[in-house]
Amino acid sequence: MENKIDLLLNLLNKVKDSNDLKELETLEEKLQSLSPVLEKYIDENQHELEKSNFLKKLQSVKEVINGLEKKNNFNNKIFKEFKEFIDSRKFK
């Protein structure tokens, strides 16, 4: 299972660093296929996870996800400002 967490972390880091739409779509598909496997593992092994290195790796995943969220929020802010600029200029 450790390799699945490492794979998840690698995929998330690639998402964070990529701006290529095709690559992001491919990465999203891989993340979606990995998600149920991880959820099932966590549900079945919750008591053992408290003692393992798994929680540290999940913390790393959380940090990467937070970074992605910040990047997304920043991009949304830029888009909103650009849209307001366009609207105020009344480009058609």
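**View 1. The buried residues of helix H4.** In helix H4, the buried residues are Phe54, Lys57, Val61, Val64 and Leu68; buried means under 20% relative accessible area, exposed over 50%, and partly exposed in between, with a 1.4 Å probe and protein chains only. Helices here are DSSP runs of H or I with at least four residues, numbered from the N terminus. This is a predicted model, where local features need pLDDT of at least 70, side-chain atom pairs count only at pLDDT 80 or more, and totals for chains, interfaces and linings use all residues. Residues are numbered from 1 along each chain as its sequence is written, and side-chain values use heavy atoms, leaving out hydrogens and water.

**View 2. Helix H4 from end to end.** How far apart are the end C-alpha atoms of H4? They are 52 Å apart, which agrees with the 52 Å that its 36 residues should span at 1.5 Å a residue. The expected span is 1.5 Å times one less than the number of residues.

**View 3. The largest pocket.** Here you can look for Leu12, Val15, Ile65, Leu68, Glu69, Lys71, Asn72 and Asn75, which line the largest pocket. Helix H1 (2-17) and helix H4 (54-89) are the elements that give two or more residues to this lining, and H4 gives the most, with 6 residues. Leu68, one of the lining residues, is also among the buried residues of H4. A pocket is an open set of points on a 1 Å grid over the protein atoms alone, where a 1.4 Å probe fits, with protein on both sides within 12 Å along at least five of seven lines; lining residues have an atom within 4 Å of a point.

View 4. The side chains of aspartate 87 and lysine 83 meet in a salt bridge, at 3.1 Å from N to O. The term means a side-chain nitrogen of Lys or Arg within 4 Å of a carboxyl oxygen of Asp or Glu. Aspartate 87 and lysine 83 are 4 residues apart in H4, so about one helical turn separates them. Aspartate 87 is partly exposed, at 44% relative accessibility, and lysine 83 is partly exposed at 44%.

View 5. Glutamate 44 pairs with lysine 40 in a salt bridge, with the closest N and O atoms 4.0 Å apart. Both residues lie in helix H2, 4 residues apart, about one turn of the helix. Lysine 40 is exposed, with a relative accessible area of 52%.
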